[in-house]
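Please read the points below with the sequence and the model at hand.

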Amino acid sequence: MRKETPVIKLREEPGDNDVNEQRAPLAAFSDETDSISTLMKIQKTVQHFAALLANVLHLEVEIVDNALHRIAGTGPYSQRLGQIPASNTLLLSEVIDRQREVVIFDSQRNSLCLACTQRESCKERGFVGVPVIYKQRCLGVISLVAINNDQLHHLRTHTTMFIEYIRHISTLLAANITELQQKESRIDPFLAFIAQQTEQGVIIFDAQRRIIFINKFASQQLNISVIPPYPAVISPLLEKKSEEQDITLSLNDHCWRLYGRWQESDNGVLLVLFRSLQQINDLREPKTPEIKNLTGDSRAMRKLKALINRIAPSPSSVMIIGESGTGKEVVAHAIHRLSPRYNKAFVAINCAAIPENLLESELFGYAKGAFTGAAPGGKKGLIQLASGGTLFLDEIGDMPLTLQARLLRAIESREVMPVGASQPVQVDIRIISATHQNLQEKISQGLFREDLYYRLNVVPLYLPPLRKRENDLVLLLDHFLVLHAERVGRPVTGVSPEVLRLLSAYPWPGNVRELSNLVEYLVNIVPEGEIIDSSLLPPVYHLRAYHGDTPDAPENPSPTSITFPAASIENDAVSNLKTVEKTLIEEALQRVHNKKQIADELGIGVATLYRKIKKYGLT
Ligand SMILES: Nc1ncnc2c1ncn2[C@@H]1O[C@H](COP(=O)(O)OP(=O)(O)OP(=O)(O)O)[C@@H](O)[C@H]1O
């Protein structure tokens, strides 16, 4: 990784000529569409005209563009090209703003000069400024300056004639602008056009290392608003031209460190391509990887994603706490994929869905001939299978106490003892567990081991219920519409505003899983080519009375204690909902005998289904 800042101004020294100079602010780009002003584009001709005028008129000449950058000049005005002169900016601005000539012979007392901060040190005795007008736009100012008494006298005596003459020159210049631009442009207009569109800095130097082209991106990065006519020093240009490298560019009294590549043609023309500071930073610090399959952009989900990115690389145990169907397994997967174990196994087991007597051998495996009916060669347990990777223990709160003790031992000793084995097996696992229950309550009831809880809950992650993820419903709806339409092999249809309104008001007790199942159902039943309207929604989605009344889960990041308030919503709507739920489960149990199928149909996990069967006394 590179450490240097790629574009830095190393030094900026004050000017050494008679007037204080200031650098052009970036915002002062004179042409709206281009960083280089029209006069700058024909700088050579402008400089030629300035010298010509000074010679024949015996006065100093200064020419600035409409952003006040000095384009050309004679005597003291031949320096600091590309910069804003400080001494007579008010006069020059007056010419540009009013598009009229300004003549001043009483420089100390004139009202325009009175406002000037440089008045005390100003050496100019007389000034005549004439605007350069092109297509009713002022491109800049040609000014004649008297800096001694002789020149002042000379300027005074011939003012009208001089103004006429400059007007003539200025008209001549303006009339030939297009032609001059083409003549002075030393790069192909197509190439220039392409380079202007590039999101990289492009600078082309002639064989003497004078800039002959700079694209807008580069001029903004370097804060160069006018091409300085001085040769640059570019070093070091390492042999490996096509590889990005540090390049130092010194120009006049400025120095920049760039990070980019270069190419030189046979005739010495040099092309330098470089990146912006932001681009380098992006390269250095890759953006937080997008967590695949975890749709959601609500504040809570963004916070959660940031936390996942932060904790994923560590080997510490993570406990995901959230209601059923909120996406705990999706989060566990995301953590695994973002961890160094990403290319090893991700083994998931639902502790509530496996009968207690089988869970032990599933988790720890068994040795040859451990018990009657066991596979003759023995069987590797899931913990062993997850070695090197991640073990995801879903519904950890339902793990029997005896197994909790064995699991704790396995975590602490980093080895497992398969059932019936005499030798332990070394394991290296990261454990991610998940629960929808209040484990602290279970601890106080003696149903969950406190020591195991602290072992597993090193990093708690709270997954918010769907009703608490503002706007995510729309994103998820869209996600599942595309997903299920593709699976079912139908074109994607939309939903009516009424459907969106009803779904937004619905409390989603089955969370994301319930939404996914609903969308799958709707995609199946909607007539081809039609949008999903509210008549297709099952009755339960028309019940919206208790929206927003549910207890909050804690936010991430959070204290290690989990405080899920016990469900306490006892109003009519909830009763209604519970009755509907009970009836739905009852009806499904009579119709279908496979619990997994019922759970899928109802949009809940198998473990949740078992819990609800128990709760409603349906066994
Ligand atoms: N943010 C999400 N973006 C896209 N799909 C999601 C998201 N969250 C959950 N899902 C989908 O919803 C379904 C349920 O998710 P998951 O099984 O991870 O929930 P869970 O919290 O582990 O449920 P349970 O507690 O019942 O085991 C899955 O099909 C999953 O792909």
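1. The structure is a predicted model, and the remarks below should be read accordingly.

2. An open sheet is built from 6 strands, arranged in the order 9-8-13-12-11-10 with antiparallel pairing. Its edges are strand 9 (211-214) and strand 10 (232-235), each of which pairs on one side only. From one strand to the next, the twist averages 35°.

3. Strand 8 and its burial. Are the residues of strand 8 buried or exposed? Strand 8 (residues 201-205) is mostly covered, with 5 of its 5 residues buried. The cover extends to both faces: Gly201, Ile203 and Phe205 are buried on one side, and Val202 and Ile204 are buried on the other.

4. The partners of strand 8. With strand 13 (residues 270-274), strand 8 pairs in the antiparallel sense over 5 bridges. Valine 202 has leucine 273 as its bridge partner in strand 13. The pairing of strand 8 with strand 9 is likewise antiparallel and rests on 3 bridges; here phenylalanine 205 stands opposite isoleucine 211 of strand 9. Strands 8 and 9 form a hairpin with 5 residues between them, and arginine 209 in the turn has a positive phi of about 70°.

5. Strands 12 and 13. Strand 12 and strand 13 pair antiparallel over 5 bridges. Within this pairing, glutamine 263 stands opposite leucine 271 of strand 13. The two strands form a hairpin with 5 residues between them, and glycine 268, in the turn, has a positive phi of about 90°.

6. Strands 10, 11 and 12. Strand 11 is joined to strand 12 (residues 254-264) by 7 bridges, and the two run antiparallel. Leucine 249 has tryptophan 256 as its bridge partner in strand 12. Strand 11 (residues 245-251) also pairs with strand 10, in the antiparallel sense and over 4 bridges. Alanine 232 stands opposite leucine 251 of strand 11.

7. Alanine 218. This residue is found in helix 9 (residues 216-221). Why does alanine 218 count as buried? It has 27 C-beta neighbours inside 10 Å, and a residue is buried if 20 or more other C-beta atoms lie within that distance of its own. Leaving aside neighbours within four places in sequence, the contacts of alanine 218 are Gly201, Val202 and Ile203. The C-alpha atoms of alanine 218 and glycine 201 are separated by 4.1 Å, although the two residues are 17 residues apart along the chain.

8. Strand 14 (residues 318-322) and strand 21 (residues 430-435) pair in the parallel sense over 4 bridges, and the bridge partner of methionine 319 in strand 21 is serine 433.

9. Glycine 296. Glycine 296 lies in the loop between helix 10 (277-284) and helix 11 (299-311). It counts as buried because 21 C-beta neighbours lie inside 10 Å. Which residues does glycine 296 contact, leaving aside its neighbours within four places in sequence? They are Met301, Arg469, Asp472 and Leu475. The C-alpha atoms of glycine 296 and arginine 469 are separated by 7.9 Å, while the residues themselves are 173 residues apart along the chain.

10. The ligand. How many residues surround the ligand? The shell has 21 residues, the closest being Thr295, Gly327, Lys328, Glu329 and Gly605. Helix 12 (328-338) and helix 20 (511-525) are the elements that give two or more residues to this shell. By type, the shell residues divide into 13 polar, 4 nonpolar and 4 charged.

11. Position of the ligand relative to the domains. Both domain 3 (299-463) and domain 4 (466-549) give residues to the shell around the ligand, so the ligand lies between these domains.

Key
Residues numbered from 1 in each chain as written. Predicted model: local features only at pLDDT ≥ 70, side-chain atom pairs only at ≥ 80, totals over all residues. Near = placed C-beta within 6 Å. Nonpolar A, V, L, I, M, F, W, Y, C, P; charged D, E, K, R; others polar. Domains from an automatic or database assignment. Buried ≥ 20, exposed ≤ 12 C-beta atoms within 10 Å, placed from the backbone. Contact = placed C-beta atoms within 7 Å. Pairing = 2+ DSSP bridges. Axes fitted to C-alpha atoms, helices over the stretch in contact; angles between N-to-C directions.
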